[in-house]
Amino acid sequence: MLITDGALQALYIALAAVCEAGDIVAVESPCVFSVLEVIRVLRLKVIEIPVDTQTGFDVDVFTHACAHNPIKAVIVTPSFHNPTGIFLSDEQKLALLNIAQHHHVAIIENDIYGDLHFHGQRPSTIKGFDHSGLVLYYSSFAKTLAPGIRLGYLSAGKFLQRAEQIKKGFIRQEEAGQLDELSLPSVYLVFGNHPKAPHYR
Ligand SMILES: Cc1ncc(COP(=O)(O)O)c(C=O)c1O
């Protein structure tokens, strides 16, 4: 498990651990804008997978996309997806996991809203069903405690070693006195054309 500077840094590290510039990732449509900004910074290509307001992430479209494209990773928010608020059943989660495993596609699971359930058992996670290490799970305390504390985490599965290397890159640059530049990619992501933007590219 890696501690990160919010969920966005966790997503950045997860994507960078799995992909190289030019690779294709599958992304929920619609999704939060900041996710697309991380993808843009890493120069990845996107295939949109529709999220229906009643039935959620379209597993059939994802299956078709995997069969016809060399997709490296899929970014999903199975619990209380933003902006639809929909969550996936365990059957949908398992179906998604099976397809991803079949096509060797890493699942980058965003669980930032999972702890916001109001009653009953906490929603399950895809990570909880996975034994292959193909699922990278991330979250933060932005929605449960306070956005300002910038505390996130990433469980990177079989990509842990690579994720640690990428995280060390952030730490080294912080130690070199570039904290203002690298305190988190989201500073740049949120504020757009940050003057130090090339450091993230
Ligand atoms: C789906 C999703 N992922 C990531 C984030 C960013 O989280 P953090 O502030 O911990 O970087 C948000 C914030 O609104 C979000 O809605």
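Because the model is predicted, local features need pLDDT of at least 70 and side-chain atom pairs count only at pLDDT 80 or more, while totals for chains, interfaces and linings use all residues. Residues are numbered from 1 along each chain as its sequence is written. The chain has 7 helices and 8 strands, where helices (H or I, at least four residues) and strands (E, at least two) are DSSP runs numbered from the N terminus. Of its 201 residues, 40% count as buried; a residue is buried if 20 or more other C-beta atoms lie within 10 Å of its own, exposed if 12 or fewer, and partly exposed in between, with C-beta atoms placed from the backbone.

- The 8 strands form an open sheet in the order 1-8-7-6-5-2-3-4, and the pairing is mixed; two strands pair if DSSP finds at least two bridges between them.
- Strand 1 (2-4) and strand 4 (56-57) are the edge strands, each pairing on one side only.
- Strand 2 (residues 24-29) runs parallel to strand 3 (residues 45-52), with 6 bridges between them.
- Between strand 2 and strand 3 the chain passes through helix 2 (residues 33-41), and this β-α-β crossover is right-handed: with the strands pointing away from the viewer, the path from the first strand over the helix to the second runs clockwise.
- Glutamate 28 has isoleucine 49 of strand 3 as its bridge partner, and serine 29 has proline 50 of strand 3.
- Strand 2 is also joined to strand 5 (residues 71-76) by 4 bridges, again in the parallel sense.
- The bridge partner of valine 27 in strand 5 is isoleucine 75.

**Nonpolar core and contacts**

- The largest nonpolar core has 53 residues; such a core is a set of buried Ala, Val, Leu, Ile, Met, Phe, Trp, Tyr and Cys residues joined through C-beta atoms within 7 Å.
- Helix 1 gives the largest share of this core, 11 residues.
- The residues with the most contacts inside the core are Leu11, Ala14, Leu15, Val25, Val74 and Ile107.
- Not counting residues up to four places away in sequence, alanine 14 touches Ile108, Leu136, Tyr138, Leu154, Ala156 and Ala163; a contact requires C-beta atoms, placed from the backbone, within 7 Å.
- Across the chain, 66% of the contacts between residues at least 6 apart in sequence join residues at least 24 apart.

**Ligand shell**

- The ligand is surrounded by 14 residues, of which Gly6, Ala7, Leu8, Ser140 and Ala142 are the closest; a residue is near the ligand if its C-beta atom, placed from the backbone, lies within 6 Å of it.
- Helix 1 (residues 6-18) supplies the largest share of this shell, 3 residues.
- The shell holds 6 nonpolar, 8 polar and no charged residues, with Ala, Val, Leu, Ile, Met, Phe, Trp, Tyr, Cys and Pro counted as nonpolar, Asp, Glu, Lys and Arg as charged, and the others, Gly among them, as polar.

**Glutamine 101**

- Glutamine 101 is located in helix 4 (residues 90-103) and counts as partly exposed because it has 15 C-beta neighbours inside 10 Å.
- Its contacts, not counting residues up to four places away in sequence, are Ser132 and Leu134.
- Leucine 134 is 33 residues from glutamine 101 along the chain, and their C-alpha atoms are separated by 7.2 Å.

**Backbone geometry**

- Most residues other than glycine have a negative phi, and most peptide bonds are trans.
- The peptide bond from serine 29 to proline 30 is cis, with omega near 5 degrees; proline 30 lies in the loop between strand 2 and helix 2.
- Asparagine 82 and proline 83 are joined by a cis peptide bond with omega of about 20 degrees, and proline 83 lies in the loop between strand 5 and helix 4.
- Phenylalanine 80 is in the loop between strand 5 and helix 4 and has a positive phi near 60 degrees.
- Phenylalanine 80 counts as partly exposed because it has 18 C-beta neighbours inside 10 Å.
- Arginine 43, in the loop between helix 2 and strand 3, has a positive phi of about 55 degrees.
- Arginine 43 counts as exposed because it has 12 C-beta neighbours inside 10 Å.

Conventions. Two residues are in contact if their C-beta atoms, placed from the backbone, lie within 7 Å.
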